[in-house]
Amino acid sequence: MRKLLSILTVVVSAIYPAARATSLPTLSEMELPAPGISLPQPPEVPKTLTLHNTSAESTPSTPADKPAGSIIAEGCWSKKPSLYDYPYSPTKSMRDWNRLWANTAVLMGGGLTALGILELLPQESTAWNSHENGKTPLFKRWLRHVKEGPVWDGDKFIFNFILHPYAGAAYYMSARSCGFNYWGSFIYCFCISTFFWEYGFEAFNEIPSAQDIVVTSVVGSIMGEAFYHAKRQIMANGYRIFGSRALGYVAAFFCDPVNEVMGYFRGDQRRAIRHFDGTSRSQASASGGFVFNPASRTGMRYGLTLTCSF
């Protein structure tokens with residue numbers, strides 16, 4: 001037993017000085033491995049939570065809201081897009097041949113009606129010699145007049161320089177509102193005024209007139225393009241002039257009689273009014289709600305917004 005105590009005393013005496021010389025690291029200095037399991041992080045709470053309830057009148061879209069070249073499902077003047085759905089352009093064409101043929105048929109009927117009315121007017125009003133014309137068969141008289149024309153006629157000023165240009169403008173608008181550009185409408189106006197009227201119905205009673213051919217097509221096309229601008233403005237105002245829709249209808253009929261008459265049966269005016277009406281009038285809206293903000297003192301804020309656009 002004494003020998004065992006002596007051995008332990010020797011071992012402790014040898015280890016104690018070495019242990020005192022070696023300083024062990026503290027717990028804070030020890031590098032512990034990171035745990036392999038990651039705990040889920042709590043979700044981030046927004047500083048401000050807004051709850052908003054709005055009741056407002058939606059403002060209808062206007063032609064100015066449409067980007068150039070956008071795809072339009074239904075036109076404002078017809079069931080498919082037309083020139084009235086796009087910004088003004090003298091060269092853009094969107095031809096609707098079915099409408100043009102229908103307008104041409106209306107012009108044929110209108111020409112026959114006008115011819116009958118002119119036949120009933122006194123001879124000094126039209127310069128038609130009804131007594132002399134009655135002596136020659138109808139088609140033989142027409143052929144003789146066509147061969148002798150055109151000549152410079154002596155009709156009254158109101159016929160040559162007021163009624164003929166307006167008729168040319170009506171011919172021009174018959175094609176312009178059907179999607180034809182300036183030059184296509186001018187050609188249509190020239191063909192109708194020259195071959196349909198001067199060398200057509202009117203040639204049964206007089207020799208074709210040189211100034212009528214020029215004035216009706218040229219001056220009529222210039223007037224027709226001005227009418228086209230005016231009609232676009234009338235339609236953009238929902239067929240209203242000075243707030244009156246009656247004035248708008250009358251003015252649109254004066255600018256484009258053939259298409260306006262045909263439009264009554266096709267519903268073109270109603271479609272244009274639905275498309276354009278109300279775009280220039282003011283629209284009011286109201287909105288309200290509350291804001292939840294945990295960072296503020298009360299934690300909640302109320303608000304009311306009133307908006308009026310013109």
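**Reading helix packing and nonpolar cores**

Trainee: Which helices do the buried residues of H10 pack against?

Mentor: Packing is read from contacts, meaning heavy atoms within 4.5 Å. The buried residues of H10 pack against helix H2 (97-120), helix H6 (157-176), helix H8 (210-236), helix H9 (245-255) and helix H11 (268-276). Helices here are DSSP runs (H or I, at least four residues), numbered from the N terminus. This is a predicted model, where local features need pLDDT of at least 70 and side-chain atom pairs count only at pLDDT 80 or more, while totals for chains, interfaces and linings use all residues. Residues are numbered from 1 along each chain as its sequence is written, and side-chain values use heavy atoms, leaving out hydrogens and water.

Trainee: Which residues of H10 are buried?

Mentor: Buried means under 20% relative accessible area (1.4 Å probe, protein chains only). In H10, residues 257-266, these are Pro257, Val258, Asn259, Glu260, Met262 and Gly263. Just after H10, Gly267 has a positive phi of about 80 degrees.

Trainee: How many residues does the largest nonpolar core have?

Mentor: A nonpolar core joins buried Ala, Val, Leu, Ile, Met, Phe, Trp, Tyr and Cys residues through side-chain atoms within 4.5 Å. The largest one has 18 residues, and Leu100, Leu107, Tyr188, Ile192 and Phe201 have the most contacts inside it. H2, H6 and helix H7 (182-201) each give two or more residues to this core, with H7 giving the most, six residues.

Trainee: Which residues is Ile192 in contact with?

Mentor: Setting aside neighbours within four places in sequence, Ile192 meets Thr104, Leu107, Tyr171 and Trp197. Another core, of 15 residues, lies apart from the largest one and includes Met173, Tyr228, Ile234 and Ala251.

How values were computed. Buried means under 20% relative accessible area, exposed over 50%, partly exposed in between (1.4 Å probe, protein chains only).
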